[in-house]
Amino acid sequence: MLLTRGQARRVAVRAQLLDVPRPTHVLEVVRHLGLLQHDQTRAVAPSADLVLWSRIGASYDVADLQDALDGQALVELDGMLRPAEDLALHRAEMASWPGPDPQAWEVDRVQWLADNDGCRRDVLELLRTDGPLPARELPDTCVRPWRSSGWNNGKNVERLLVLLVRRGEVAVAGREGRERLWDLAARVYPDDPPVPVDEARRLRGERRLAALGIARARAATAPGEPNDVGPAGTPARVEGVRGTWQVDAAQLDRLDDPFAGRAALLSPLDRLVFDRKRMAELFEFDYQLEMYKPAAQRRWGYWALPVLVGDRLVGKVDATADPGAGELVVHAVHEDEPYDGATAAAVDAELASLAGWLGLRLEG
């Protein structure tokens, strides 16, 4: 099958719930997308909230996301908020970690954990009696310190917790501000039977493709959640793009349906743009998250929001929320090509909606 770039873009936009009509419920959105990245950068709003606002619109209430977390309908794993029922697709892999063919660095982590089994037991016992607890209240009785290139040196408890998550023994039970609270995984994850590893990987690939619409069977390793989908879907080619893609069958069935696009301001961590290679190939869009660059080297801004109009990514908005001043300050609107009147009006309307949703006055 051969798709035009426009068809491929519309598949991706529809799969990410960025067309019309808008969805209306937080859990409906997260269950379809599969996850929300729990990044706490607040230049405009936390990424998870921005992703939900981009889909649901001004009626999105951040309390609905918190309610889903408090009720454990959503749980955090690897920095991602996921539907609780999806944990059954991860738990068999946790139980068999590091798997039958571990890499050398994984073998070293297994040995580090074994060397510090006394600390592991101390942490699990304290969580059993007093959890949930922040990492700073957990004992560091490690006999072999963690060693790295420097960033994580001495962070024994934090690294221990990461490995215990991999083993399915502990889990994030909530947060106090930016600080994670840890508890026994058995008290956080649903008690559903784990799905066998091979089947779970297949199902995760299918779920990921349903959320992305179109993706590569194999892609570069990404933190938190892969960008590839394995053999899921139907192979296809895209005009002007090298290689083969996998396309969700439900989206192929909609290829000839009229496309109702709209304008959207996206989080820099939005899954539509998270895979920068896919973004460049399908949308021909140049973008990077520049928060880690020195200010003088930024082209678009610290937390610039990609601008979607219809099935095209057309620019970036450099904006900062200043709750103290009661303002959403728009420093710049970077137009990849000069906007026509309809595009400019649509982007202005989204900025006004964003400011209203934040309860701020729009400035700039």
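I count helices as DSSP runs of H or I with at least four residues, and strands as runs of E with at least two. On that basis I read off 13 helices and 15 strands for the chain. The model is a predicted one.

**Overall dimensions.** I looked up the extent next. Along the principal axes, the C-alpha atoms fill a box of roughly 65 × 55 × 40 Å. I then checked the radius of gyration. A compact globule of 364 residues would come near 21 Å, and the chain has 22 Å, so the two agree.

**Burial and surface.** I took buried to mean under 20% relative accessible area. Of the 364 residues in the chain, 48% are buried. The accessible surface amounts to about 17,000 Å². Carbon and sulfur atoms hold 50% of that surface.

**Contacts along the sequence.** I considered contacts between residues at least 6 apart in sequence. Of these, 63% join residues at least 24 apart.

**Helix pair α1 and α12.** How do α1 and α12 pack, by angle and axis distance? Helix α1 covers residues 5-15 and helix α12 covers residues 276-283. I find an angle of about 135° and axes 9 Å apart. Angles over 145 degrees would count as roughly antiparallel, and 65 to 115 as roughly perpendicular. The pair α1 and α12 is therefore oblique.

I listed the contact residues. From α1 come R5, A8, R9, A12 and V13. From α12 come R278, E281, L282 and F283. By class, the contact of α1 with α12 has five nonpolar residues, four charged and no polar.

Technical notes: Residues are numbered from 1 along each chain as its sequence is written. This is a predicted model: local features need pLDDT of at least 70, side-chain atom pairs count only at pLDDT 80 or more; totals for chains, interfaces and linings use all residues. Side-chain values use heavy atoms; hydrogens and water are left out. Axes are lines fitted to C-alpha atoms, for helices over the stretch in contact, and angles run from 0 to 180 degrees between N-to-C directions. Angles under 35 degrees count as roughly parallel, over 145 as roughly antiparallel, 65 to 115 as roughly perpendicular and the rest as oblique. Contact means heavy atoms within 4.5 Å. Ala, Val, Leu, Ile, Met, Phe, Trp, Tyr, Cys and Pro count as nonpolar, Asp, Glu, Lys and Arg as charged, and the others, Gly among them, as polar. The radius of gyration is taken over C-alpha atoms; the globule rule is 2.2 Å times the number of residues to the power 0.38. Buried means under 20% relative accessible area, exposed over 50%, partly exposed in between (1.4 Å probe, protein chains only). Accessible areas come from the Shrake-Rupley method with a 1.4 Å probe; for residues, only the protein chains shown count as cover.
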